[in-house]
Amino acid sequence: MPEGDTVWRAARDLNAALAGQELTRCDLRVPKFATTDFTGDTVQDVVSRGKHLLIRGGDPAEGWILHSHLKMEGLWHVYPRGGKWRRPAFKARAVLETATHQIVGFDLGFLRVVARKDEDDAVGYLGPDLLGPDWDAEEALRRLRAEPDRPIGLALLDQRIMAGVGNVYRCELCFLAGVHPKTPVSQVPDLSRLVDLSKRLLEANKNRSRRITTGAAGRDQLWVYRREKRGCLRCGTKVAHELFGDNELELRDLYYCPHCQPLRG
C-alpha cells in the first residue's frame, strides 16, 4: 500500500496539471457515480491527506471533491492530451481532461464524490498529517500515548494517530528506534524522537522516486524491510519476517532484526 510520501507526490503532480483548469471531460467509471459529470467545472486544487487524495473542484463553498485512496495497486497518471496510456483501459476508474492534459486513475482502491462542505466528515478522523500543513507533533504524541498497551508496530500504522506512515516506514522506524515492533507503546524509550523521526523520514523522501532510510542511494536503501534473504544491514543477522496486524483482515508483512531489536520484558 502506498505510503504518505507517494500520495503527496501524486497530489503534487495532479495539482500541477489540474489546478485552475476547466474540465473538458469527466468520466467516473464507478457504478455509484457513473452518471456524475463535472465537465465545465474548474478544478481548484489537488491535495493529499495522509494516504488519501482529494481533487477539489467547482465553487469553493458549494463545490465537490473526488476522494480517492490508492490501496494496494492504485495509480494516478498524467498524460498530455491524446497521449498513450501506460495501463489497460479496463483498469481505469476515472478519466479527467483539460485543454492540455488527461488525468487517469487506474485500479483505485476507492473513488467517491463528496460535497466540499463534507470534507471533514470524509477525512477529519485522520491524525496529524506528516506532510500536511496541519502537522502537530504534540497531538500525534498525545494520540500515541492514549493506548499505552498497544504494540508500537500497530500504532504506527493507525492513520488516526499519524497520517502517512505505511508498512515500509513502520518497519524502518522501529529498527531506527531500536525497538521490537511488538513493544507496547508505554515501553518505547523515546516516543518524541520516534514521532520526530517519522516526520523527518517522510520529508526527506517526498521528492524521491525511490525511498531511502539508510542515507545511502545505492543498492542498500533500507535497513530491514524485505531483507529476510540478505540479513540486517547493520549487523548481518537474519531478518525476521512474519505477518502482524490488529486482526486477520489487517495483517501486514513485518520485518525486524532480532539482534538489533530484541523484545524485552
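**Entry 1**

I began at Asp27, which stands opposite Val95 in E6. Before going on I noted that this is a predicted model, in which local features need pLDDT of at least 70 and side-chain atom pairs count only at pLDDT 80 or more, while totals for chains, interfaces and linings use all residues. I also noted that residues are numbered from 1 along each chain as its sequence is written, and that side-chain values use heavy atoms, with hydrogens and water left out.

Strand E1 is joined to strand E6 (residues 92-97) by four bridges, and the two run antiparallel; strands count as paired here if DSSP finds at least two bridges between them. Helices (H or I, at least four residues) and strands (E, at least two) are DSSP runs, numbered from the N terminus.

I then followed the whole sheet, which is open, has four strands in the order E1-E6-E7-E5 and is paired antiparallel. Strand E1 (25-28) and strand E5 (75-80) are at the edges with a single partner strand each, so one side of each is left without a neighbour in the sheet. From one strand to the next the twist averages 15°; axes are lines fitted to C-alpha atoms, for helices over the stretch in contact, and angles run from 0 to 180 degrees between N-to-C directions.

**Entry 2: the sheet with E2**

I looked up another open sheet of four strands, with the order E2-E3-E4-E8 and antiparallel pairing. Its edge strands are E2 (43-49) and E8 (110-115), each of which pairs on one side only. Neighbouring strands of this sheet are turned by 20° against each other on average, direction ignored.

Between E2 and strand E3 (residues 52-57), which run antiparallel, I found six bridges, and the bridge partner of Ser48 in E3 is Leu53. Helix H1 (residues 4-18) packs on this sheet and touches E2 and E3, its direction making about 175° with that of E2; contact means heavy atoms within 4.5 Å.

**Entry 3: helices that pack on H6**

For helix H3 (residues 137-145) and helix H6 (residues 191-205) I read a packing angle of about 125°, with the axes 10 Å apart. H3 and H6 are therefore oblique to each other, given that angles under 35 degrees count as roughly parallel, over 145 as roughly antiparallel, 65 to 115 as roughly perpendicular and the rest as oblique. The crossing of H3 and H6 is right-handed, a crossing being left-handed if the near helix is turned anticlockwise from the far one by less than a right angle, and right-handed if clockwise.

On the H3 side the contact involves Ala137, Ala140, Leu141, Leu144 and Arg145, which meet Leu191, Ser192 and Val195 in H6. These residues divide into six nonpolar, one polar and one charged, where Ala, Val, Leu, Ile, Met, Phe, Trp, Tyr, Cys and Pro count as nonpolar, Asp, Glu, Lys and Arg as charged, and the others, Gly among them, as polar.

I turned next to helix H5 (residues 167-177), which packs with H6 at an angle of about 130°, the axes being 10 Å apart. H5 and H6 are therefore oblique to each other, and H5 passes H6 in a right-handed crossing. H5 contributes Tyr169, Leu173, Leu176 and Ala177, and H6 contributes residues including Arg193, Leu194, Leu197 and Asn205. By class, this contact of H5 with H6 has eight nonpolar, two polar and one charged residues.
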